[in-house]
Each structure stands twice: as structure tokens, then as C-alpha cells.
Amino acid sequence: MKNMKNLIPSISIPKLPAGKMGVVLGSLIAGQWVFNDLVHVPSGGIAVMAAGAGLWFLSKPAVGSFVPPSTVKGWVKRCKDVLGQFESLEDPSDHLLKASSRSLELQEVLSRKTPQSLALISTIGVDLPEVGLFEESIVNSHSFDLVCSSTLPIKNKSWEFPEKFFQKDLIIYYLPLPLRAVDLLWLKAIPEDLSSWIMVSSNDSVDWSNELNALNSQLPERWKNRILRSEGSYSVKQMKNVLAPVRRCLDQSKRNIDQTRQRLLSRLHTSWQSDLEGLRREKFKAIQNRSQWLVAGAVFASPVPSTDLLSLAVVNGLMIQEMGNIWACDIKPDLLNKVARQLAIAALAQGVVEWSGQTLLGVAKLHGGTWLAAGAMQAISAAYLTRVVGRSMADWMALNNGVSQPDLELLKLQAPELIARAAEKEKVDWANFLKQSKNWMNEQIVQKTNTPKPQLS
């Protein structure tokens, strides 16, 4: 069954407070008259200015951030929520088989009942401490599995932490001095939520303090106070002193296994979200293509620029609501619209409309009267603006999956980059957009030509 709690309510035109709408409408009308009749600023310029001012006025900050689950139960709930979202996006014929496979993956993580596990690892060619001595020095009241392995490659493309070590509860990385670049790369690859230590071999007691300071200065902050010193030829008693922090951690068996389950569930959730995102982008393309021409039609039909922009905001609001359903947002519709308006402000500030308009003027010379039809440039520029804002909104929704109260102050900082990326991606497909635009304009001209003129009585 679908998890309806994670779905946005049915599509509706976003409602704005009457007071704010009155002020915005009044400002647009008064601004249009003042700038056109008194200051003589072209209507296109005041339209953009009014849009920016109106959108800004309607936006007010709301603070919030995504907090990942901190328990196994919380991660299980999120994973099950994702399974429900697959049902609403996948083809029914494929969903049944894939759902069964995903449920099995989830169950494998939850049914993991092996004793906690510890791995002593290093890169290929490094001699690890004697296994028997190590195992005897670390034994405690809780059972555990020990793996000693020098198998990490010195050359690698992805530097992705191996699956067999990712599933361990504790890791000790045996580090030969001096620090090598390859060791630093593998240390960075170890998940931060995996209890880990570094063990180094140093026989010179006089220089150990200097060596430790030098090592700490080169390592990420997370490894501070996580370095164990081995002098090589230790007795069991001496090695026990070195490994005391690890033994204390092993005493917390339930916590360690629970933490590993959370880590595995988090990765499973991330993998599923990646698959979901691909499905969402496919659905979004249809909404994006339909919405941009609805906006273009509204702008093309209206002779007043300010009204055009209000029409654009309404249709964009409908697009955002549909996107909210696809991304299963828990964010309230009015907050989603504030996010969209903030992105629209950034798009106007970065000159998306001006760029598309100037580019269309260049193309107009190639298409003659069709492209010079009244209002065509403005309509198609509005469609392109809708396209860019829509893509940036999709990127934002992907980044904020699971957020119920967006941080609009943070969005103000993120918006320029989101818009820049979206605009760059859309420019790559500019030729296809122009082809769609030409087809749309031809349809508008045919409709106008076939519309009977009113008879005078």
C-alpha cells in the first residue's frame, strides 16, 4: 500500500494571503503606470522588476533541516516509506518482482545476528602484527570475529571502502610510517560512523611525541586521540595496554551491532533513493514539458506583462504541487511555493529571461514572421524560465528529501548555484527546446488563424 502520509495533497492552486496579494497586485498596477507613463521605462523591464519585487515580498524565511534517523527503528521506517514510493512510480508489471527483491535486502540487514566483528586491515604488502598475539591481547567477555587482512590495493579508481570491511563493527587500520598518500585516501574512505582506530609501529620512544604531532597534523580531525602505538615486539600484557580502548568498545556489543545495522540501513536507503531519483526525473520531464507551454500560452494570450507574470506564478504553482507528489514531500504547499519563488528570484537575477530573449532574437532572423508574431518572444522566454526554475526545484527536492520544514535562509545562499547548474544543463538542450518552441508557435498561429472573428451587429 502507498504511504499516503508522505504524499503531497491533491493538486490545487496555491492560496496566498489576501493582504499580500492585494499589495502585490496594487504594486504591479501602480508600478506599471508610473514607469510607463511618467518615467517611460519599457514594460518588459518593469515586468521583470515587479516580478522580482513581488516574489521577494511573498517569501518569508522558515527554518528547518533534515535530521537522519538515530535508531534502527527510524531507519526501517524510512526504508519502508521508500518502498511505498516505488509503488507509485514504477510500472506495475515490474514493481512486484523488484519489491520482493528490495524487501529481501531489508530483511537481510535486520536479521543480521552474527557476533560483533573486528578487522585489522592495511594495504597490500604491509606486515601486520602476529595474529595470535593480537587476538589474545584483545579477548574480552563478549564474543567477536577477528579478520586480519592486508588486501587494500595501492592503486584504485574509486577508493570505495570494500563491502567486506564496511559490514564490520570495528576497524583498526595498521599504518606504516611515514604517512603515504594511499593510506590517507583509505583512511578518508572509512565511514565516520564505523568505530575505527589507527595503529602505528614506532620503536623510538624519544621521537614518538614528535611523530605523533606530525601525524596528527596530517590526518583529518576524526583521528585525533584514535591512534594506537605498537612497538612491534610486545608481550601480551603490553599489547593489552595498547588495545585497551578497543576492548572497552567491544564491551558495548549491543551498541556496536546496532550502529552497524544503522549504517547498513542508511546505505540501503541511499541506494534506493538513487533508483527513485531516476524514476522521478522521468516523471518530471513530462510535467516540465507540459507546464512550460501552459505558461507560454498564458503569457502569449495576455497583453499585460504584470498579468502574464501572475499567470506564470499560478501555473508554476501547479507544477510545483505535482512535483511535490512525485518527490513525496512532507513540506506544506505554501512552503514549496516559497521555495519556487526564491528560485525564480535567483533566475531573474541571473538573467535567464534576458539570455533566452536575446538568443531567440538571433534565431528569429532564421524563421521570419513565425518568430516575430506578437508576444512570441516573451511567451517562449517565460517557458524557458519555467523550465530552468522547474529543474532547479527538482534538484532542491532531491537534496532535501525527508525535510518537512525547509530552511529558506539557507536556500537564499543555495539558490544562485542551483539556478546556475539548472540553466547550464538546459542550455545543453537548447536546440531541442527551440524545435519544441517552433512547433508550439506554429500551433498558436494556426489556432489564431482558425478562430472565427466576432460579427458586428
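**Exercise 1.** How much accessible surface does the protein have, and what percentage of it belongs to carbon and sulfur atoms?

*Solution.* This is a predicted model, in which local features need pLDDT of at least 70 and side-chain atom pairs count only at pLDDT 80 or more, while totals for chains, interfaces and linings use all residues. Residues are numbered from 1 along each chain as its sequence is written, and side-chain values use heavy atoms, leaving out hydrogens and water. The accessible surface (Shrake-Rupley method, 1.4 Å probe) comes to about 23600 Å². Of this, 58% belongs to carbon and sulfur atoms.

**Exercise 2.** Find out whether Leu228 is buried or exposed, and which residues Leu228 touches.

*Solution.* Start with the strand: Leu228 is found in S5, residues 227–230. Next, accessibility: Leu228 counts as buried because its relative accessibility is 5%, and buried means under 20% relative accessible area. Now look across the chain: the C-alpha atoms of Leu228 and Met199 are separated by 4.5 Å, although these residues lie 29 apart in sequence. Finally, not counting residues up to four places away in sequence, Leu228 touches (heavy atoms within 4.5 Å) residues including Trp197, Met199, Val242 and Pro245.

**Exercise 3.** Classify the ring pair of Phe300 and Trp440.

*Solution.* Rings pair if their centres lie within 6.5 Å, with planes under 30 degrees apart counted as stacked, over 60 as edge-to-face and the rest as tilted. Here the centres are 5.7 Å apart and the planes are at 75 degrees, so the pair is edge-to-face. Phe300 in helix H11 and Trp440 in helix H17 are 140 residues apart. Well done!

Key
Helices (H or I, at least four residues) and strands (E, at least two) are DSSP runs, numbered from the N terminus. Buried means under 20% relative accessible area, exposed over 50%, partly exposed in between (1.4 Å probe, protein chains only). Rings of Phe, Tyr and Trp (its six-membered ring) pair if their centres lie within 6.5 Å; planes under 30 degrees apart count as stacked, over 60 as edge-to-face and the rest as tilted.
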